[in-house]
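Please examine the structure shown here together with its sequence.

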Amino acid sequence: MAIRNVRELGDEVLRKKSREVKEITPRIRELIDDMFETMYEKDGVGLAAPQVGILKRIVVIDTGEEPLLMINPRILETRDSQTGGEGCLSVPGKVGTVTRPNYVRAEAYDENLERFEVEGTELLARAICHELDHLEGVMYVDKVEGELYDVTADQDDEEDEEDI
Ligand code: ZN
């Protein structure tokens, strides 16, 4: 396992569309392990493969419940909305206000390419939407309401302003 370099806003790889994963190779397994390790190391709630320069439809999320791996994810249903602070490991030190669904139901494939569904509300719903956007080359800064602002030391600990 290794910590991968997280690409930052302005890197064109973040603006490209990721490709479907068709088989789980040893390289993909290593990528998944590295993505989890990188996300935990950087204190993020989620990480998408393009953020480490790999244009594959793989996302890892951990909102503090349990690690969630989503391969070839797709949103099936959204409901309600939430408006709150959002950050991203690819936009370090910044936060912006983004409105997202407050409930998401999605399908994805696990490390054995078996399909499963996941439901999330609040932070998990936000994280799923944010990470799936990365697979389309969309960044939260495209959706931000008002200005991006700097994260201060105090705000860094707030629950509602996680780097996802
Ligand atoms: Zn992000």
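The model is a predicted one. Its zinc ion is coordinated by three side-chain atoms: SG of Cys88, NE2 of His130 and NE2 of His134. The distances from the metal to these donors run from 2.0 to 2.3 Å. Along the chain, the donors follow the spacing C-x41-H-x3-H. Cys88 belongs to the loop between strand 4 (82-86) and strand 5 (94-100), whereas His130 belongs to helix 2 (residues 122-135), so this pair ties together parts that are 42 residues apart in sequence.

Attention now turns to the backbone. Which value does phi of Asp43 take? The angle is near 60 degrees, which is positive although Asp43 is a residue other than glycine. Asp43 is placed in the loop between helix 1 (26-41) and strand 1 (46-48). With a relative accessible area of 62%, Asp43 is exposed, because that class begins over 50%.

Leu113 also has a phi near 60 degrees, again a positive value in a residue other than glycine. The loop that holds Leu113 runs between strand 6 (103-109) and strand 7 (115-121). Is Leu113 buried, exposed or partly exposed? Its relative accessibility is 29%, so Leu113 counts as partly exposed.

Note on methods. Residues numbered from 1 in each chain as written. Predicted model: local features only at pLDDT ≥ 70, side-chain atom pairs only at ≥ 80, totals over all residues. Heavy atoms only, no water. Donors = N, O, S within 2.8 Å, 3.2 Å for Na, K, Ca; no water. Helix = DSSP H or I, 4+ residues; strand = E, 2+ residues; numbered from the N terminus. Buried < 20%, exposed > 50% of the residue type's maximum accessible area, 1.4 Å probe, protein only.
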